[in-house]
Amino acid sequence: MRLLLDATGRHAPCESLDDTALADLYAPPEGPWLRANFVSTLDGAATGANGRSGSINTEADGVVFRLLRRLSDVVVVGAGTVRTEGYTRLGADDGGPLPLAVVSNSAKVPEVLLSPAEGRGDVLLVTHGGAPGDALADARAALGADNVLLCGDDAVDLLDLRHRLEERGMPRVLTEGGPSLLGAMLAAGAVDELDLTWAPAVVGGEHPRIAHAPDLDVALSPLALVEQDGTVMGRWQVRRPEAG
């Protein structure tokens, strides 16, 4: 993998990155940090013809995808993305049993996650106090009451979600979507970093972008860019408005 930009100056442009150097380049800062990892085609599509992001992933993207999971304490995804992308509980391929936190305003746990599997991480359900009582009861029975997090009264409060995960010893949070969840996180100011892959493809058609939300005004600064076989991957830090 070839380095194009490192804002820290620790690595030189055009440097060939081995696994150790790549992990150093993508290491999050100390303390709580929420990063979002997405892939897009060159014409801005977040999915391919089959409606899934997996159809536009590349081998190089897969390397960074697995690295980001290994550098995280928990992966947060929307329930719709679990169903569409075929998520299962996270295990050895993800750097060890890794908790998967599923955000669902309806409090319905995707069926694929209901069966425990040896060597795989827990499933947390993230919902809110106004969710249907029968769905909450079913989720608590399936996952355990401690693994059902109520964040907010009428809709999931994503800043409260970050706080609740930090309290559980999970300060390094990775979200993988989908676009509605990313849009809501950006609108709430919950995201610290966007990790974006540009797949070397143009797909045309009607496809979602990486963020689905009302108009946003979120400025970001580049931290790093790497390239392999035409796939370009970048780290971008969200620029917080200055206080006062």
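This is a predicted model: local features need pLDDT of at least 70, side-chain atom pairs count only at pLDDT 80 or more; totals for chains, interfaces and linings use all residues.
Residues are numbered from 1 along each chain as its sequence is written, and side-chain values use heavy atoms, with hydrogens and water left out.

Most residues other than glycine have a negative phi, and most peptide bonds are trans. Ala 107, however, has a positive phi, near 65 degrees, and this residue is buried, with a relative accessible area of 1%; buried means under 20% relative accessible area, exposed over 50%, and partly exposed in between, with a 1.4 Å probe and protein chains only. Asp 229, which is not a glycine either, has a positive phi of about 50 degrees, and it sits in the loop between β9 (220-228) and β10 (231-238), where it is exposed, with a relative accessible area of 68%. The peptide bond from Gly 177 to Gly 178 is cis, with omega near 10 degrees, and Gly 178 belongs to the loop between β7 (172-175) and α6 (179-188).

Next comes helix α5 (residues 158-167), in which Leu 158, Leu 161, Arg 162 and Leu 165 are buried. Because these residues cover an arc of only 100 degrees around the axis, they are on the same side of α5, the arc being that of the directions from the helix axis to the C-beta atoms. An α-helix has 3.6 residues a turn, so residues three or four places apart point the same way. At the start of α5, a side-chain oxygen of Asp 157 reaches to within 3.1 Å of the backbone nitrogen of Leu 159, while after the helix comes Gly 169, with a positive phi near 80 degrees.

Finally, the annotation can be set beside the model. In an unreviewed entry, UniProt lists residues 32-216 as "domain: Bacterial bifunctional deaminase-reductase C-terminal"; such positions are given in the numbering used here, feature names are shortened, and annotations may be inferred rather than shown by experiment.

How values were computed: Helices (H or I, at least four residues) and strands (E, at least two) are DSSP runs, numbered from the N terminus. A polar contact is a pair of N or O atoms within 3.5 Å; within protein, one must be able to donate a hydrogen and the other to accept it, and residues adjacent in sequence count only if both atoms are side-chain atoms.
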